[in-house]
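Here are my notes on the aromatic side chains. Have the model open while you go through them.

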Amino acid sequence: MTESEKSADMEALVQRWKEAEQERAERQRKHQDHLDSPQYRGQLKRLNRLTEGAITLISMSHMGITRMPNATDTYLVYAGTDDAMECIVAIRALVAQGVHNVARRECRYLLEQVAKFLYVDQQCPSLEITREQRMEFLKNKVPRSSIQPIFDVHPLLLQEDVRPFQDEVKSRWSSLSGIVHPSKEQMDERAARARRGAFSGFETVKDLTAINDQLAAVYDYLGVMWLTAAGPGTAGDLIVELDQEEWVFRKSRWLSKLSRLYDYKFERKNKT
């Protein structure tokens with residue numbers, strides 16, 4: 001190829017780039033109307049409510065467990081509080097920016113973390129077992145690439161609900177694993193989004209609703225396991241305080257079941 005041909009080829013490439021940028025700018029302008037719609041803004045508000053609800057639940061659980069000296073530094077679930085908070089805050093930012101698959105990876109990590117930490121803490125209930133010993137147990141006794149320990153976790157649910165809860169957590173984790181590792185499901189999902197023009201930054205109400213539905217389910221599971229880690233007494237005090245009319249998880253599947261276990265409490269019986 002001659003120098004003149006190379007120059008012409010580069011000019012053509014630059015021109016195509018400019019045209020693509022102009023097309024993208026036009027699409028962004030049109031998409032802004034969609035972002036300003038009541039339906040889209042409603043889902044953004046829901047995203048914020050789910051995030052704040054999860055943060056409040058974790059924060060109150062962490063505060064509740066401080067009744068037990070050294071518990072927050074010993075039990076792995078509570079030693080991992082800051083990490084869990086960072087994930088939840090990051091998920092909100094990622095979803096708001098349209099980076100949904102990365103947010104789903106964080107959801108998978110959160111599920112696996114709390115399931116395994118709760119398993120270790122239930123296997124090692126004594127506070128005399130140090131965090132370092134628990135971490136050694138985690139390293140040597142808990143499988144790395146599996147969430148199988150969920151089936152040995154004992155959540156604060158009726159016995160008839162325990163196995164369905166475990167199965168659902170495992171199923172959700174497995175579906176999210178298709179986003180973590182290169183997979184046909186991930187490529188198919190990306191291709192489907194591209195065909196309908198839902199590239200990153202151009203999400204639809206349907207896309208945002210779908211990821212919010214996933215977050216609602218994941219935070220529901222996390223809430224049950226965090227309250228379980230707090231113990232039945234503390235969990236009862238917390239859930240009665242949390243489960244108010246405006247609570248975002250009031251009608252969620254599993255937290256509502258956990259909440260109903262405490263209908264006998266004095267605070268509810270005397271509620272006007």
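1. Start with Trp247, which is buried, as is Phe249; buried here means under 20% relative accessible area, exposed over 50% and partly exposed in between, with a 1.4 Å probe and protein chains only. These two residues also form an aromatic pair, edge-to-face, at 5.7 Å centre to centre with 80 degrees between the planes. For pairing, ring centres of Phe, Tyr and Trp (its six-membered ring) lie within 6.5 Å; planes under 30 degrees apart are stacked, over 60 edge-to-face, and the rest tilted.

2. A word on the source: this is a predicted model, with local features needing pLDDT of at least 70 and side-chain atom pairs pLDDT 80 or more, while totals for chains, interfaces and linings use all residues. Numbering runs from 1 along each chain as its sequence is written, and side-chain values use heavy atoms, leaving out hydrogens and water.

3. The structure has 6 aromatic pairs. Tyr262 and Tyr264 make a tilted one, because their planes sit at 35 degrees, with the ring centres 6.1 Å apart. Tyr262 is buried at 6% relative accessible area, whereas Tyr264 is exposed at 52%.

4. Look also at Phe165, Tyr221 and Trp254, which ring pairs join into a cluster.

5. Where does Tyr75 lie? It is in the loop between α3 (71-74) and α4 (76-79); helices are DSSP runs of H or I with at least four residues, strands runs of E with at least two, numbered from the N terminus. Tyr75 is buried, at 11% relative accessibility. Beyond neighbours within four places in sequence, its contacts (heavy atoms within 4.5 Å) are Met68, Asp121, Cys124, Pro125, Leu127 and Arg134.
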